[in-house]
Amino acid sequence: MPKGYWVSAYPAISDPEGLTAYNGLAGLAVRAGGGRVLSNFGRVVAHEAGITERVVLIEFDSFEQAVATYESEAYQKALVALPDGLERDFRIVEGID
């Protein structure tokens, strides 16, 4: 069964304190859903059309589990805590294997 991944890119963070509140709630939801953080705002080298931005990568045992965690009540509460005006590109991606 292919794994599922959450990929979040943050081009700009104007309210770090607000993001901290979201991260606390989101972390609880991700762990409850079986997710594992593989990368959390580590170093990025951008090539071609890429932009050096903060990236978070979270792995789930299946694509369905990744989607279910996003749709969970716990994660929906975390989304409400995202700061207004935060720029974020969020995707759920199916792995190959």
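Below, we chat through the sheet, the core, a helix pair and a loop.

Trainee: What should I know before we start?

Mentor: This is a predicted model, where local features need pLDDT of at least 70 and side-chain atom pairs count only at pLDDT 80 or more, while totals for chains, interfaces and linings use all residues. Residues are numbered from 1 along each chain as its sequence is written, and side-chain values use heavy atoms, with hydrogens and water left out.

Trainee: OK, in what order do the strands of the sheet come?

Mentor: The order is β2-β3-β1-β4, in an open sheet of four strands with antiparallel pairing. Strands here are DSSP runs of E with at least two residues, helices are runs of H or I with at least four, and both are numbered from the N terminus. Two strands pair if DSSP finds at least two bridges between them.

Trainee: And which ones are the edge strands?

Mentor: β2 and β4 (87–94), each pairing on one side only.

Trainee: How many bridges join β1 to β3?

Mentor: Seven, between β1 (residues 4–12) and β3 (residues 54–60). G4 sits opposite F60 there. β2 (residues 36–40) pairs with β3 over four bridges, and N40 has V56 as its bridge partner.

Trainee: Switching to the core: which residues have the most contacts inside the largest one?

Mentor: W6, Y22 and Y75, in a nonpolar core of 16 residues. Such a core is a set of buried Ala, Val, Leu, Ile, Met, Phe, Trp, Tyr and Cys residues joined through side-chain atoms within 4.5 Å; buried means under 20% relative accessible area, with a 1.4 Å probe and protein chains only. The largest share, five residues, comes from α1.

Trainee: What does Y75 touch?

Mentor: Beyond its neighbours within four places in sequence, Y75 is in contact with W6, Y22, A26, A29, T69, Y70, R88 and F90. Contact means heavy atoms within 4.5 Å.

Trainee: How do α2 and α3 cross?

Mentor: At roughly 55 degrees, with the axes of α2 (residues 63–71) and α3 coming within 5 Å. Axes are lines fitted to C-alpha atoms, for helices over the stretch in contact, and angles run from 0 to 180 degrees between N-to-C directions. T69, Y70 and E71 of α2 meet E73, Y75, Q76 and L79 of α3.

Trainee: Last one: where is E53?

Mentor: In the loop between β2 and β3. E53 contacts A9, Y10, P11 and V44, leaving aside its neighbours within four places in sequence.

Conventions. Buried means under 20% relative accessible area, exposed over 50%, partly exposed in between (1.4 Å probe, protein chains only).
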